[in-house]
Amino acid sequence: AHHWQFLLFTIPSCSSCITMRNQVIEPLIESGHIHPMQFSEVVQVSDADWHYVRGLGYDQIRNLKVKYKTSLFPTLVTIDAQGNKIAENIVGITSVEHYRTKLEKLIAELDKKP
(Lines give C-alpha, C1' and ligand atoms only; values in the text may rest on other atoms or scores of the structure.)
Protein backbone atom coordinates (compact mmCIF):
# COMPACT_ATOMS: atom_id res chain seq x y z
CA ALA A 1 0.00 0.00 0.00
CA HIS A 2 1.17 3.50 -0.78
CA HIS A 3 1.11 5.95 2.10
CA TRP A 4 0.72 9.08 -0.05
CA GLN A 5 -0.92 10.14 -3.30
CA PHE A 6 -0.98 13.15 -5.61
CA LEU A 7 -4.25 14.65 -6.85
CA LEU A 8 -3.78 16.99 -9.82
CA PHE A 9 -6.71 19.40 -10.23
CA THR A 10 -6.99 20.56 -13.85
CA ILE A 11 -9.31 21.98 -16.48
CA PRO A 12 -9.25 20.85 -20.15
CA SER A 13 -8.27 24.22 -21.69
CA CYS A 14 -5.32 24.81 -19.33
CA SER A 15 -1.98 24.62 -21.17
CA SER A 16 -0.07 24.69 -17.86
CA CYS A 17 -2.11 21.68 -16.69
CA ILE A 18 -1.21 19.76 -19.84
CA THR A 19 2.46 20.71 -19.49
CA MET A 20 2.46 19.63 -15.84
CA ARG A 21 0.90 16.25 -16.63
CA ASN A 22 2.86 15.48 -19.81
CA GLN A 23 6.29 16.92 -18.96
CA VAL A 24 6.50 16.51 -15.19
CA ILE A 25 4.10 13.94 -13.73
CA GLU A 26 4.15 11.32 -16.51
CA PRO A 27 7.99 11.24 -16.74
CA LEU A 28 8.13 10.84 -12.93
CA ILE A 29 5.72 7.89 -13.23
CA GLU A 30 7.76 6.39 -16.10
CA SER A 31 11.00 6.76 -14.11
CA GLY A 32 9.47 5.07 -11.08
CA HIS A 33 9.50 8.13 -8.78
CA ILE A 34 5.68 7.98 -8.64
CA HIS A 35 3.76 4.69 -8.74
CA PRO A 36 0.80 4.95 -11.18
CA MET A 37 -1.62 4.28 -8.31
CA GLN A 38 -0.20 7.29 -6.45
CA PHE A 39 -1.49 9.75 -9.03
CA SER A 40 -5.00 10.78 -10.00
CA GLU A 41 -6.17 13.69 -12.09
CA VAL A 42 -9.32 15.57 -11.08
CA VAL A 43 -10.65 17.36 -14.17
CA GLN A 44 -13.22 20.15 -13.92
CA VAL A 45 -15.09 20.00 -17.23
CA SER A 46 -17.52 22.76 -16.18
CA ASP A 47 -18.76 24.23 -12.88
CA ALA A 48 -21.22 21.36 -12.58
CA ASP A 49 -19.33 18.54 -14.27
CA TRP A 50 -16.22 16.80 -12.94
CA HIS A 51 -14.41 13.72 -14.13
CA TYR A 52 -12.04 11.79 -11.92
CA VAL A 53 -9.52 9.41 -13.33
CA ARG A 54 -9.82 6.81 -10.57
CA GLY A 55 -12.93 5.63 -8.73
CA LEU A 56 -14.81 8.40 -6.93
CA GLY A 57 -18.39 9.52 -7.43
CA TYR A 58 -19.49 13.01 -8.52
CA ASP A 59 -20.31 14.38 -5.05
CA GLN A 60 -17.01 13.16 -3.67
CA ILE A 61 -15.17 14.85 -6.54
CA ARG A 62 -16.97 18.18 -6.16
CA ASN A 63 -16.32 18.04 -2.44
CA LEU A 64 -12.60 17.40 -3.02
CA LYS A 65 -12.22 20.86 -4.55
CA VAL A 66 -13.72 22.41 -1.43
CA LYS A 67 -11.92 20.07 0.99
CA TYR A 68 -8.49 20.78 -0.47
CA LYS A 69 -9.18 24.48 -1.17
CA THR A 70 -8.29 24.42 -4.85
CA SER A 71 -9.28 27.42 -6.96
CA LEU A 72 -6.46 27.81 -9.48
CA PHE A 73 -5.27 25.31 -12.07
CA PRO A 74 -3.15 23.30 -12.05
CA THR A 75 -3.08 22.53 -8.32
CA LEU A 76 -1.27 19.47 -7.01
CA VAL A 77 -2.54 18.21 -3.65
CA THR A 78 -0.63 15.60 -1.63
CA ILE A 79 -2.71 13.35 0.61
CA ASP A 80 -2.15 10.35 2.87
CA ALA A 81 -4.02 7.04 2.68
CA GLN A 82 -6.87 8.50 4.76
CA GLY A 83 -7.27 11.51 2.45
CA ASN A 84 -5.64 14.06 4.78
CA LYS A 85 -3.57 16.76 3.14
CA ILE A 86 0.07 16.19 4.15
CA ALA A 87 1.95 18.90 2.21
CA GLU A 88 1.36 22.40 0.93
CA ASN A 89 -0.55 22.57 -2.35
CA ILE A 90 1.64 23.26 -5.37
CA VAL A 91 -0.19 25.77 -7.54
CA GLY A 92 0.64 26.76 -11.12
CA ILE A 93 3.83 25.97 -12.97
CA THR A 94 6.75 28.35 -13.45
CA SER A 95 9.04 26.04 -15.38
CA VAL A 96 9.15 22.31 -16.00
CA GLU A 97 12.58 21.97 -14.37
CA HIS A 98 11.62 24.01 -11.28
CA TYR A 99 8.46 21.95 -10.84
CA ARG A 100 10.22 18.60 -11.39
CA THR A 101 12.91 19.51 -8.83
CA LYS A 102 10.27 20.60 -6.32
CA LEU A 103 8.33 17.35 -6.80
CA GLU A 104 11.42 15.12 -6.59
CA LYS A 105 12.34 16.78 -3.28
CA LEU A 106 8.78 16.35 -1.97
CA ILE A 107 8.68 12.68 -3.05
CA ALA A 108 12.02 12.00 -1.31
CA GLU A 109 10.63 13.56 1.91
CA LEU A 110 7.36 11.60 1.64
CA ASP A 111 9.16 8.31 1.01
CA LYS A 112 11.27 8.75 4.19
CA LYS A 113 8.12 8.83 6.35
CA PRO A 114 6.92 5.50 7.77
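Trainee: Which helix is Met20 in?
Mentor: Met20 lies in helix α1. Helices here are DSSP runs of H or I with at least four residues, strands are runs of E with at least two, and both are numbered from the N terminus. This is a predicted model: local features need pLDDT of at least 70, side-chain atom pairs count only at pLDDT 80 or more, and totals for chains, interfaces and linings use all residues. Residues are numbered from 1 along each chain as its sequence is written, and side-chain values use heavy atoms, leaving out hydrogens and water.

Trainee: Is Met20 buried or exposed?
Mentor: Met20 is buried, at 0% relative accessibility. Buried means under 20% relative accessible area, exposed means over 50%, and partly exposed is in between, using a 1.4 Å probe and protein chains only.

Trainee: What does Met20 touch?
Mentor: Leaving aside neighbours within four places in sequence, Met20 is in contact with Leu8, Ile25, Pro74, Gly92, Ile93 and Tyr99. Contact means heavy atoms within 4.5 Å.

Trainee: How do α1 and α3 pack?
Mentor: Their angle is about 40 degrees, and the axes of α1 and α3 are 10 Å apart. Axes are lines fitted to C-alpha atoms, for helices over the stretch in contact, and angles run from 0 to 180 degrees between N-to-C directions. That makes α1 and α3 oblique to each other. Under 35 degrees counts as roughly parallel, over 145 as roughly antiparallel, 65 to 115 as roughly perpendicular, and the rest as oblique.

Trainee: Which residues meet there?
Mentor: From α1, they include Met20, Val24 and Leu28, and from α3, Tyr99, Arg100 and Leu103 are among them.

Trainee: New topic. How many salt bridges are there?
Mentor: The count is 2 salt bridges. A salt bridge is a side-chain nitrogen of Lys or Arg within 4 Å of a carboxyl oxygen of Asp or Glu. One joins the side chains of Arg21 and Glu41, at 2.6 Å from N to O. Arg21 is in helix α1 (residues 15-30) and Glu41 in strand β2 (residues 39-46), so the pair ties together parts 20 residues apart in sequence. Glu41 is buried, with a relative accessible area of 7%.

Trainee: And what does Arg100 pair with?
Mentor: Arg100 forms a salt bridge with Glu97, with the closest N and O atoms 2.5 Å apart. Arg100 and Glu97 are 3 residues apart in helix α3 (residues 96-112), about one helical turn. Arg100 counts as buried, at 18% relative accessibility.
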